[in-house]
Amino acid sequence: MARDMSDKDILKMELDQLKKEVKTERMPVSTTAKEIVEWVDGQYAEDPLIKGIPEETNPFKEKGGCIIS
């Protein structure tokens, strides 16, 4: 798509994107990192990747083995 556009059109698209990005609310990493850690700690107990999936409800459990004779 960009190959078919003139340099002026490409620069206009870039300018439009930068105008959108400048309106984005920014927060310090120190604040957001604390919020992320709190959220992860709150979700920890329900996370199947950490806690594991019970064998009886595991949809990926092998139904039967493969026998080669």
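How many helices and strands are there in the protein chain? There are three helices and zero strands. Along the sequence the pattern reads α-α-α. The model is predicted.

Start with the overall form. The radius of gyration of the protein chain is 25 Å, well over the 11 Å that the globule rule gives for 69 residues, so the chain is more spread out than a compact globule. The C-alpha trace spans about 70 × 45 × 15 Å along its principal axes. Of the 69 residues, 1% count as buried. The accessible surface comes to about 7,200 Å². Carbon and sulfur atoms hold 60% of that surface.

Next, the charges. The chain carries 11 positive and 15 negative side chains. The centres of these two sets lie 7 Å apart. How many salt bridges does the structure hold? It holds one. The partners are aspartate 16 and lysine 12, and their closest N and O atoms are 3.3 Å apart. That distance meets the salt-bridge cut-off, because a side-chain nitrogen of Lys or Arg has to be within 4 Å of a carboxyl oxygen of Asp or Glu. Both residues sit in helix H1, which covers residues 7–22. They are four residues apart, about one turn of the helix. Aspartate 16 counts as partly exposed because its relative accessibility is 32%, a value that falls between the limits of under 20% for buried and over 50% for exposed.

Move on to helix H2, residues 29–43, where tryptophan 39 lies. Is tryptophan 39 buried or exposed? Tryptophan 39 has 56% relative accessibility, so it counts as exposed. Tryptophan 39 also belongs to a nonpolar surface patch, together with Ile36 and Val40. The area of this patch is about 330 Å².

Lysine 34 is placed in helix H2 as well. Its relative accessibility is 57%, and lysine 34 therefore counts as exposed. How far from lysine 34 is aspartate 9 in space, C-alpha to C-alpha? The two are 41 Å apart. In sequence, 25 residues separate them.

The walk ends at helix H3, residues 48–51. Leucine 49 is found in this helix. With a relative accessible area of 81%, leucine 49 is exposed; the cut-off here is over 50%. Proline 28 gives a reference point back along the chain. Leucine 49 and proline 28 are 21 residues apart along the chain, and their C-alpha atoms are separated by 29 Å.

Tryptophan 39, lysine 34 and leucine 49 are exposed. One salt bridge is present, and it joins aspartate 16 to lysine 12.

Technical notes: Residues are numbered from 1 along each chain as its sequence is written. This is a predicted model: local features need pLDDT of at least 70, side-chain atom pairs count only at pLDDT 80 or more; totals for chains, interfaces and linings use all residues. Side-chain values use heavy atoms; hydrogens and water are left out. Patches are made of residues with over 30% relative accessible area and no salt bridge: like charges are joined within 9 Å, nonpolar side chains (Val, Leu, Ile, Met, Phe, Trp, Tyr) within 5 Å. Accessible areas come from the Shrake-Rupley method with a 1.4 Å probe; for residues, only the protein chains shown count as cover. Helices (H or I, at least four residues) and strands (E, at least two) are DSSP runs, numbered from the N terminus. Buried means under 20% relative accessible area, exposed over 50%, partly exposed in between (1.4 Å probe, protein chains only). The radius of gyration is taken over C-alpha atoms; the globule rule is 2.2 Å times the number of residues to the power 0.38. Lys and Arg count as positive and Asp and Glu as negative; His and the chain ends are not counted. The place of a charge is taken as NZ of Lys, CZ of Arg, CG of Asp or CD of Glu.
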